[in-house]
Amino acid sequence: MSRLFESFTLRGVTLRNRIVVSPMCQYSSTDGLATNWHMVHLGSRAIGGAGLIIAEATGICPEGRITPGDLGLWSQAHADALKPIVDFIHEHGAKAGIQLGHAGRKGARFKPWEGNGPLTDGSAWPIPGPSALSFDKDWQVPYEMTAAQLREMTDLFVTSTGFAVNAGFDVIELHMAHGYLLHEFLSPLSNTRGDEYGGDLAGRAKWPLEVIKAVRAALGDDRLLFVRVSAIDWVDGGLDMAQSVQLAKWFRAAGADLIDCSTGAVVPGEKTPIGPGYQVPVARGIRAEAGIPTGAVGMITDPAQAEQIVAVGDADLVFLARATLRNPYWANHAAEELGVEANWPIQYKRAVARRRTAW
């Protein structure tokens, strides 16, 4: 029996297996609207056998995007563009998720293939942050958000959540990682405020916890709320495992169902020990010490490797990113390698080597 291909249930939502297609920015939207590219990109991963497909980091408002090409979800028109994609994912046996976030001080950038740095063509927009500290030299300095602006931003997360529900998503993931706005509040490297939303860990977590509670209330009890964190900043004086275990406990109490465990990217110059499965110990530690389900992500490429992560209890779910860009059918190929019947669509079965009946 393969543990990777066992079902997984939380709050009555059942994933057919433990394989998650991680949210990956495509920078291919117009005015934040999903396009045919998103239908093919996300739909093909559902055909490929994964249990959960999570759409890319999605701006809760136009100013929340990383680049002008980012996906957005701030109107019913955006929800309407996403609904056929969600329906297609469901038709092929997978669950659908979307990652909601705000880019904060790392927003208003060129697409990666256009340079990836801050916009310099006059199209940049004002960017917020917990403190007036730029991400790097020559980057735009964010304005320090007021308590009133934080309440307004929380309302935007709630509104975007409502549109996600309208589109039929099963899972909402809040993006609190990789140096974007919510992570910026959590990390002492980017949050130097002196009010109730800064200072010690409890102060820095105050607004992210308000967002979790508000989104949980908007979701109701029959959909899942994941939180992606950068558990370690990989810079002296930044977030570390002890702080992130405490955060995970608070997030669980506030209504989070699972912690998606990533690391880094809040400041330049970090020294990340990159290697196969390098973030798995983070998922293992948070799962064991905070008592909440976790997802492992980061250089997980091999079916046996993914099987081991779940089988020994390092994480409940395995999130794959680039491996599924290279092979959208990764999950079905993994099933065959691990001796499990794959979820090939009927239209493809004549091309599958391990078919029971030849056409």
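A: Ala-34 is found in the loop between strand 3 (19–21) and helix 1 (36–47), where helices (H or I, at least four residues) and strands (E, at least two) are DSSP runs numbered from the N terminus. With a relative accessible area of 15%, Ala-34 is buried; buried means under 20% relative accessible area, exposed over 50%, and partly exposed in between, with a 1.4 Å probe and protein chains only. From C-alpha to C-alpha, Ala-34 lies 24 Å from Asp-260, while 226 residues separate the two in sequence.

This is a predicted model, in which local features need pLDDT of at least 70 and side-chain atom pairs count only at pLDDT 80 or more, whereas totals for chains, interfaces and linings use all residues. Residues are numbered from 1 along each chain as its sequence is written, and side-chain values use heavy atoms, with hydrogens and water left out.

Next come the spaces in the model. On a 1 Å grid over the protein atoms alone, a cavity is a set of points where a 1.4 Å probe fits but cannot get out, a pocket is an open set with protein on both sides within 12 Å along at least five of seven lines, and lining residues have an atom within 4 Å of a point. Grid points are joined across faces, edges and corners, and a volume is the space filled by probe spheres set on the points.

The largest pocket has a volume of about 980 Å³ and is lined by 38 residues, with Pro-23, His-178, Arg-228, Ala-321 and Arg-322 nearest its centre. Strand 13 (317–320) and helix 9 (322–326) each supply at least two residues of this lining, and helix 9 gives the most, with 4 residues. By class, the pocket lining has 20 nonpolar, 12 polar and 6 charged residues, where Ala, Val, Leu, Ile, Met, Phe, Trp, Tyr, Cys and Pro count as nonpolar, Asp, Glu, Lys and Arg as charged, and the others, Gly among them, as polar.

The structure also holds 3 cavities of 30 Å³ or more. The largest cavity, of about 70 Å³, is lined by 13 residues, of which Ala-57, Gly-101, His-102, Ala-103 and His-175 lie nearest its centre. Strand 4 (52–59) and strand 6 (95–101) each supply at least two residues of that lining, which divides into 5 nonpolar, 7 polar and 1 charged. The second largest cavity has a volume of about 60 Å³, and its lining includes Met-176, Ser-230, Leu-247 and Phe-251. Helix 6 (241–254) and strand 10 (224–230) each supply at least two residues there, and helix 6 gives the most, with 4 residues. The lining of the second largest cavity has 10 nonpolar, 2 polar and no charged residues.

As for cysteines, a search of the whole structure finds 0 disulfides, a disulfide being a pair of cysteine sulfur atoms within 2.5 Å. The sulfur of Cys-25 is 15 Å from the closest cysteine sulfur, in Cys-61, and so is too far for a bond. Cys-25 counts as partly exposed at 24% relative accessibility, whereas Cys-61 is buried, with a relative accessible area of 7%.
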